[in-house]
Amino acid sequence: VISLITPRQAQQQIAAHLRNRRLSMGLTQEGLAERSGVSLPTLRKFEQKGVLSLESLRKLALVLDCLDSLVKATEPR
């Protein structure tokens with residue numbers, strides 16, 4: 001399987017998608033950080049650079065109500 005995007009582009013797209021989801025839910029970075037338990041500097045770095053641990057991604061996805069979608073996206077075909 002050949003990917004049409006680089007791993008870096010994928011990271012940035014995931015970060016942008018979750019940022020847009022946060023905004024559509026009316027959450028500030030501070031609000032999401034508080035609700036998820038992910039530190040504000042970590043969240044800011046993720047939204048800017050796409051860098052985040054799997055544990056923090058799970059915490060954010062839970063608050064942003066997309067954890068099920070994230071799990072399903074990784075299911076084998």
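A polar contact is a pair of N or O atoms within 3.5 Å; within protein, one must be able to donate a hydrogen and the other to accept it, and residues adjacent in sequence count only if both atoms are side-chain atoms. Keep that in mind for Glu47, whose side chain has a polar contact of 2.7 Å with the side chain of Arg22. The side chain of Gln29 also makes a polar contact with that of Glu47, again at 2.7 Å.

A word on the model: it is predicted, so local features need pLDDT of at least 70 and side-chain atom pairs count only at pLDDT 80 or more, while totals for chains, interfaces and linings use all residues. Residues are numbered from 1 along each chain as its sequence is written, and side-chain values use heavy atoms, leaving out hydrogens and water.

Now, where does Glu47 sit? Glu47 lies in helix H3 (helices are DSSP runs of H or I with at least four residues, numbered from the N terminus). Glu47 is buried, at a relative accessible area of 15% (buried means under 20%, with a 1.4 Å probe and protein chains only). Leaving aside residues up to four places away in sequence, Glu47 touches Ala15, Arg19, Arg22 and Gln29 (contact means heavy atoms within 4.5 Å).

Next, look at how H3 meets its partner. The axes of H2 (residues 29-36) and H3 (residues 40-49) come within 9 Å and cross at roughly 120°; axes are lines fitted to C-alpha atoms over the stretch in contact, with angles from 0 to 180 degrees between N-to-C directions. On the H2 side, the contact is made by Gln29, Glu30, Leu32 and Ala33, and on the H3 side by Leu40, Leu43, Arg44 and Glu47.

Note on methods: Helices (H or I, at least four residues) and strands (E, at least two) are DSSP runs, numbered from the N terminus. Buried means under 20% relative accessible area, exposed over 50%, partly exposed in between (1.4 Å probe, protein chains only).
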